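Welcome! Take a moment to look over the sequence and the 3D picture, and then let us walk through them together.

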Amino acid sequence: MGEQKVVIFANPIAGRGKGRLLAGHLKQRFEKKGWDVQQIFDRPESVSQDTLTGAAAVVSIGGDGTLRSVVERVTDGGATEGPGILVVPMGTANLMGRHLGIGLSEQGLEDRAVEAIRAKRIVRLDAARLRGTEERLFLLMVGVGIDGAIVHALDRVRQGPIGYLSYLRPAVEALTGYSFHELEVEVDGKRVWRRGPGIVFVGNVPEYGTGFPILPLARSDDGLLDVCVLPAKSATDLIEHAVATLAQEHHLREGAVYVKGKRVVVRSKEPVAVQADGDPAGWTPIEIELLKTRVAFIVPP
């Protein structure tokens with residue numbers, strides 16, 4: 001492949017500063033191939049269209065939150081599939097990296113990145129848009145309820161990079177005195193959950209941030225969103241659901257609902273916290289709609 005333009009988006013604090021270093025290494029390697037390289041450490045939404053014009057590929061270095069922002073920008077909010085995004089996972093959960101089978105720990109990362117973009121093997125995955133008190137594109141999973149409350153609690157105290165232990169204090173804070181609000185869930189115009197305390201997960205991939213297969217039947221390219229509603233009115237219910245999830249039986253428990261669809265609405269009498277791809281995403285009520293256009297990702301040969 002001759003000269004081409006590659007745009008590198010990097011979260012400079014990802015991997016406790018390794019994100020910036022890795023971006024520099026990749027830039028040097030791409031330039032040795034004679035490629036035009038744009039290196040960006042600013043927030044993706046602040047980048048001008050001129051910077052992206054003519055890009056043959058985009059690299060996203062960081063976690064799932066960074067990737068979501070990159071996808072939002074380079075696909076014009078999901079209106080196009082984008083030029084093809086190579087994910088270099090360097091966050092906490094790295095769900096998309098794991099889903100695509102992309103690892104960071106192996107040696108020769110720079111060589112693999114060059115080869116991946118040269119070969120440009122594309123997979124096209126579903127994406128959806130969440131509308132509520134906030135609006136955003138999401139790629140992986142939306143959670144409504146206690147997990148949303150934990151993510152909101154973490155966001156209030158977060159300073160710099162986080163790890164799994166960073167969730168401990170926010171989880172305790174969120175669980176202490178948490179009220180399990182009544183929810184109503186509608187999928188493709190049909191009410192599937194009438195008002196009752198519960199937690200809701202909507203997504204494209206099986207795994208949750210902890211690695212639990214919350215949506216075990218999910219496929220990221222089937223043109224459908226998976227929706228799982230679990231009845232929950234106490235911390236004891238959450239523990240029982242967690243144990244059942246390990247056995248992939250939580251969605252089969254009495255009272256649980258598991259369906260697929262393209263449009264999901266979640267309502268509640270009181271505002272309930274929402275998270276999307278591991279970031280706080282406002283409060284209920286929300287509407288989630290599958291996008292007609294899929295997002296193009298580059299995966300190693």
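Is the crossing of α1 and α5 right-handed or left-handed? The crossing of these two helices is right-handed. Keep in mind as you read on that this is a predicted model.

## Two helices that cross

Helix α1 covers residues 18–32 and helix α5 covers residues 109–119. A pair like this can be summed up in a simple way: two packed helices are described by the angle between their axes and the distance between the axes. For α1 and α5, the angle is about 55° and the axes lie 10 Å apart. That angle makes α1 oblique to α5.

Which residues make the contact? On the α1 side they are L22, H25, L26, R29 and F30. On the α5 side they are L109, E110, D111, A113, V114 and I117.

## A closer look at A113

One residue of that contact deserves a visit of its own. A113 belongs to helix α5 and is buried, since its relative accessible area is 3%. If you set aside residues up to four places away in sequence, A113 touches L26, F30 and L86.

A113 and P300 are separated by 187 residues in sequence, yet their C-alpha atoms are 7.4 Å apart in space.

## The chain as a whole

Now step back and view the overall picture. The chain has eight helices and 17 strands. Of its 301 residues, 52% count as buried. Among the contacts with a separation of 6 or more, 75% are accounted for by residues 24 or more positions apart.

## The nonpolar cores

In soluble globular proteins, nonpolar side chains tend to be buried together. In this model, the largest nonpolar core has 43 residues. The members that touch the most other members are V142, V144, V185, V200, V264 and I288. There is also a second, separate core of 27 residues, which includes A55, I85, L139 and V295.

What does V264 touch, not counting residues up to four places away in sequence? The list is V185, E186, V187, V202, L225, V227, I286, E287 and I288. Of these, V185 and I288 are also named among the core members that touch the most others.

## Buried and exposed residues in strands

E184 sits in strand β9, residues 182–187, and is buried, with a relative accessible area of 9%. Leaving aside neighbours within four places in sequence, E184 is in contact with R191, W193, R195, V265, V266 and R267. E135 sits in strand β7, residues 135–138, and is exposed, with a relative accessible area of 51%; the cut-off for exposed is over 50%. With residues up to four places away not counted, E135 touches R129 and L130. E135 and G282 are 147 residues apart in sequence, while their C-alpha atoms are 8.6 Å apart.

G198 lies in strand β10 and is buried, with a relative accessible area of 5%. Leaving aside neighbours within four places, G198 is in contact with H181, L183, L230, P231 and A232. From G198 to D237 there are 39 residues in sequence and 9.6 Å in space, C-alpha to C-alpha.

## Details in the loops

The peptide bond from T284 to P285 is cis, with omega near 5°. P285 is in the loop between β15 (279–283) and β16 (286–290).

Which residues other than glycine have a positive phi here? D188 has phi near 50°, and Q248 has phi near 55°. D188 is in the loop between β9 and β10, and its 46% relative accessibility makes it partly exposed. Q248 is in the loop between α8 (235–246) and β12 (257–261), and is also partly exposed, with a relative accessible area of 43%.

Definitions and conventions: Residues are numbered from 1 along each chain as its sequence is written. This is a predicted model: local features need pLDDT of at least 70, side-chain atom pairs count only at pLDDT 80 or more; totals for chains, interfaces and linings use all residues. Side-chain values use heavy atoms; hydrogens and water are left out. A nonpolar core is a set of buried Ala, Val, Leu, Ile, Met, Phe, Trp, Tyr and Cys residues joined through side-chain atoms within 4.5 Å. Buried means under 20% relative accessible area, exposed over 50%, partly exposed in between (1.4 Å probe, protein chains only). Contact means heavy atoms within 4.5 Å. Axes are lines fitted to C-alpha atoms, for helices over the stretch in contact, and angles run from 0 to 180 degrees between N-to-C directions. Helices (H or I, at least four residues) and strands (E, at least two) are DSSP runs, numbered from the N terminus. Angles under 35 degrees count as roughly parallel, over 145 as roughly antiparallel, 65 to 115 as roughly perpendicular and the rest as oblique. A crossing is left-handed if the near helix is turned anticlockwise from the far one by less than a right angle, and right-handed if clockwise.
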